[in-house]
Amino acid sequence: MARLRYFDAKEVIRPQERPLVAAHSEFLRTGRIPRDRRHWLAEERRYLTHDEVAAKTGRKLQAAGEKTHQHINGFHHSIQFPKMIFHRTLEDSPHLGYCHVTAARTKFARYEEVSWAFYIANFYSEIGDNDNFFERIDVGYSRMYFAVAIKPGEESSEKMTIDRSVRGNGLLFRTHDPQAAIRNILLLGARNEQLREIIRQL
């Protein structure tokens, strides 16, 4: 697949409605040198490197992660999550990426204790069943919020990997709705059934 190329959209000059008069004609007619940007030579688009695109994407993901962490920790003093914000961009598509927001342990359904991590991505996709974490990426939705069960990475370079023994694929929830995501995270973090019941009614 060909590598994607990115250009700085801010630098594109929009065509003007008035017809453009040649700069030398304007000078001969009026004696003024036109300073209007429309008279300059057409500029080439400034293409961005993949590193520049990844840096821009990373800043947006970090900001989204910070804001989401504030929301979930602002709900109730008894439900507090550690701030563990870091991001990654996809290697061949650096305009796409995901941000790790927090991680915790909880009793989950029939599982005694599950370690899990919560993420935000700037696309929507299936969570892959193998080493390919994201499958069938859909950029139709601007965000995806998801939590996966995790365990220490034994046969991997990663410190933590998805614990696929939980629910078959390790996925605890996945949504494009920020309110549903926060509700699910709060349910995972609630220490007792009474608090969970309050959260379910939100």
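Thr57 is buried, at a relative accessible area of 7%; buried here denotes under 20% relative accessible area, exposed over 50%, and partly exposed the range in between, with a 1.4 Å probe and protein chains only. The residue belongs to helix H2, which spans residues 50-73. Helices (H or I, at least four residues) and strands (E, at least two) are DSSP runs, numbered from the N terminus. When neighbours within four places in sequence are set aside, Thr57 is in contact with Thr89, Pro94, His95, Leu96, Gly97 and Asn122, where contact means heavy atoms within 4.5 Å.

The model is a predicted one, in which local features need pLDDT of at least 70 and side-chain atom pairs count only at pLDDT 80 or more, while totals for chains, interfaces and linings use all residues. Residues are numbered from 1 along each chain as its sequence is written, and side-chain values use heavy atoms, with hydrogens and water left out.

The chain as a whole comprises four helices and ten strands. Read from the N terminus, the order of these elements is β-α-β-α-β-β-β-β-β-β-β-β-α-α. Of its 202 residues, 38% count as buried. Among contacts in the chain with a separation of 6 or more, 49% are between residues 24 or more positions apart. The accessible surface amounts to about 13,700 Å², and carbon and sulfur atoms contribute 49% of that area; accessible areas come from the Shrake-Rupley method with a 1.4 Å probe, and for residues only the protein chains shown count as cover.

Helix H4 covers residues 193-200, and its buried residues are Leu195, Arg196 and Ile199. Viewed down the axis of H4, these buried residues fall within an arc of 100°, so they line one face of the helix; the arc is that of the directions from the helix axis to the C-beta atoms. Leu187 is located in helix H3, residues 178-189. Beyond its neighbours within four places in sequence, Leu187 is in contact with Arg196, Ile199 and Arg200. Leu187 and Ile199 are twelve residues apart in sequence, and their C-alpha atoms are 6.7 Å apart in space.

Ile198 also lies in helix H4, but it counts as partly exposed, at 46% relative accessibility. Together with Phe75 and Leu202, Ile198 forms a nonpolar patch on the surface, with about 270 Å² of accessible area in total. Patches are made of residues with over 30% relative accessible area and no salt bridge, with like charges joined within 9 Å and nonpolar side chains (Val, Leu, Ile, Met, Phe, Trp, Tyr) within 5 Å. A salt bridge is a side-chain nitrogen of Lys or Arg within 4 Å of a carboxyl oxygen of Asp or Glu.
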